[in-house]
Amino acid sequence: MDIFSDPVLLARVQFALTAAYHFFFVPLTIGLGLILAINETKYYRSRNEKDAAASRFWVKIFTATFVIGVATGITMEFSFGTNWADYSRFVGDIFGAPLAAEALLAFFLESVFLGILLFGRKTVSPKFYLVSAWLVWFGSCLSALWILIANSWMQTPAGAELAADGSKAVITDFLGAALNPSLMARYSHVVVALLIMGAFAAMAVSAWYLIKGRHADFAMKTMRIGAVVGIVTSCVMIFTAHASAVVVAEEQPTKLAMMEGMYDDEVPPLYLFGWVDEESQQVITPFSIPGGTSFLATGTWDTEYQGLNSLAETEQYGALDPETAPVNFVFQTYHIMVAMYGLIMITAILAIVFTYRKGGRIKNMKWLQRLVLISPVFPVIAIQTGWFTAELGRQPWVVYPSATGPEGVALATGDAASASVSAPELLITMALFFLVYVFLIFAWARVMGRFIKEGPVVAPAETDDAASDEAKRKDAVPGFAPVDDPVVAAKGGE
């Protein structure tokens, strides 16, 4: 089969699999970072040991996920210099800066203050510990920003020009490159999606405890936090998704055409679902809203967009071949993402209503508990299909020739792969990655299972800390005898 002999295709598959695996843990890290910070804030205000136990519980969950996320992210950075060496040479002047900033400014910030969360509760002030919790979450969001700067530049290049010999892109304006046209829309869209993931993961843990009849107080408190974060972020997602779609329509016309299965110029309808017959170049669907996509992108029902056939005839997008473009795949991943958002919103509404209604009716609603338990699957699928849409939708370019991008700053995927890496080498590394990643996911799942099984248990030593400290203080006072001393008791009775 061609897939086993084509190094470029194998390199793409390998990177897609490693990126998808890595981006399972990133949403959990950033999303649960907010849940952790909120719980630590509750403890700072209440000084209740149950709230302290809840905070420690989420620190453990966050840390285990963070470790796996870091380990799986390193492999992708190495692949830039091995499988994608020509890509690295072309974009190295731009791509290296945000990756370095991510490591120096974001990763170190996150790691240092995570160390304080793990080892500093008894050695730093409560206020500093609280600030550390929020800085860990801020660091994870900052890390995502630098990664999105690099990725968004590949989608909508800016602040650069093609070198005189045509071998690489040279940065001319760092701020222009960093604040490229798609950055803010894509960053806000991604971060909101990650917060939804964290909220749904927290609610799922709560639902598991409710089903098992354990840690009811913790379960309801966490369900309330998760439901509020989930409904707020799900509503904000409407606006970030619209902003992202507008950027695609303005900057990446070939991607928009693939997302809607448009081969010919037309006013794009809105499809709820369908199938793109790539031979006849038609979308097969029983239902569509005429002009619906036009309305979502521009606010009007009659805006016409170019299809793949006419775009392929232009000089800028001449490298596109409509007959081999992954149109149906992009169409399906995009519409699956939208469908998952519908399930996310329904679940978030049900959770917020029945968590706060009549003292928490969700405690007695087994069907809703089971729905919430499996609900993290919805944002996971939405996030993964969203990334497949974003990355495959810009093919056949790895650096897309966007509408406002610098002239000549574009790179075809076939020209980006390393010529020195063979198909057998890629197959061997993919097999090794598979074995290691299977081990990691099982190890992570086992650790998570143990943490969740233990739950936010308040140890007896924790509840007795204040009393024991007071006893030690009194014992140290000369002439002071404990109240239960028999001599004192006898005198008191006289």
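## Cavity

Helix H3 (85–119), helix H4 (126–155) and helix H5 (174–178) each contribute at least two residues to the lining of the largest cavity. The model described here is predicted.

The residues that line the largest cavity are Ile-94, Phe-95, Ala-97, Pro-98, Trp-146, Ile-149, Ala-150, Trp-153, Ile-171, Phe-174, Ala-177 and Ala-178. Sorted by class, this lining comprises twelve nonpolar residues, with no polar and no charged ones.

## Second largest pocket

The second largest pocket has a volume of about 1,100 Å³. Its lining consists of 42 residues, of which His-189, Ala-241, Tyr-334, Met-337 and Val-338 are the closest to the centre. Two or more lining residues come from each of helix H6 (183–212), H7, helix H8 (253–259), E3, helix H9 (292–298), helix H11 (327–356) and helix H13 (377–392).

H7 gives the most to the lining of the second largest pocket, namely nine residues. By class, the lining of this pocket divides into 30 nonpolar, nine polar and three charged residues.

## Salt bridges

The count of salt bridges comes to seven. In one of them, the side chains of Arg-121 and Glu-40 meet at 3.0 Å, N to O. This pair links distant parts of the chain: Arg-121 belongs to the loop between H3 and H4, Glu-40 belongs to helix H1 (residues 7–46), and the two are 81 residues apart. Arg-121 is partly exposed, at a relative accessible area of 23%, whereas Glu-40 counts as buried at 2% relative accessibility.

Another salt bridge joins Asp-51 and Lys-221, whose closest N and O atoms are 3.4 Å apart. Asp-51 lies in helix H2 (residues 49–81) and Lys-221 in helix H7 (residues 216–251), so this pair ties together parts that are 170 residues apart in sequence. Asp-51 is buried, with a relative accessible area of 7%, while Lys-221 is partly exposed, with a value of 25%. Both residues belong to a network of salt bridges that links Asp-51, Asp-217 and Lys-221.

Arg-394 forms a salt bridge with Glu-391, with 2.2 Å between the closest N and O atoms. At 3% relative accessibility, Arg-394 counts as buried.

The peptide bond from Gln-395 to Pro-396 is cis, with omega near 15°. Pro-396 is placed in the loop between H13 and strand E7 (397–399).

## Loop residues with positive phi

Which phi does Arg-47 have, although it is not a glycine? The phi of Arg-47 is positive, at about 55°. Arg-47 is found in the loop between H1 and H2 and is partly exposed, with a relative accessible area of 39%.

His-215, although not a glycine, has a positive phi of about 45°. This residue lies in the loop between H6 and H7. With a relative accessible area of 24%, His-215 is partly exposed.

Pro-157 has its place in the loop between H4 and strand E1 (160–162). Is this residue buried or exposed? Pro-157 has a relative accessible area of 1% and is therefore buried, the limit for that class being under 20%. Between Pro-157 and Leu-109 there are 48 residues of separation in sequence and 28 Å in space, taken from C-alpha to C-alpha.

## Nonpolar surface patch

Leu-272, Phe-273, Phe-287, Ile-289, Phe-295, Leu-296 and Trp-301 make a nonpolar surface patch of about 690 Å². One of these residues, Phe-273, lies in the loop between strand E3 (270–271) and strand E4 (275–277).

Note on methods: Residues are numbered from 1 along each chain as its sequence is written. This is a predicted model: local features need pLDDT of at least 70, side-chain atom pairs count only at pLDDT 80 or more; totals for chains, interfaces and linings use all residues. Side-chain values use heavy atoms; hydrogens and water are left out. Patches are made of residues with over 30% relative accessible area and no salt bridge: like charges are joined within 9 Å, nonpolar side chains (Val, Leu, Ile, Met, Phe, Trp, Tyr) within 5 Å. Accessible areas come from the Shrake-Rupley method with a 1.4 Å probe; for residues, only the protein chains shown count as cover. A salt bridge is a side-chain nitrogen of Lys or Arg within 4 Å of a carboxyl oxygen of Asp or Glu. Helices (H or I, at least four residues) and strands (E, at least two) are DSSP runs, numbered from the N terminus. On a 1 Å grid over the protein atoms alone, a cavity is a set of points where a 1.4 Å probe fits but cannot get out, and a pocket is an open set with protein on both sides within 12 Å along at least five of seven lines; lining residues have an atom within 4 Å of a point. Ala, Val, Leu, Ile, Met, Phe, Trp, Tyr, Cys and Pro count as nonpolar, Asp, Glu, Lys and Arg as charged, and the others, Gly among them, as polar. Buried means under 20% relative accessible area, exposed over 50%, partly exposed in between (1.4 Å probe, protein chains only). Grid points are joined across faces, edges and corners, and a volume is the space filled by probe spheres set on the points.
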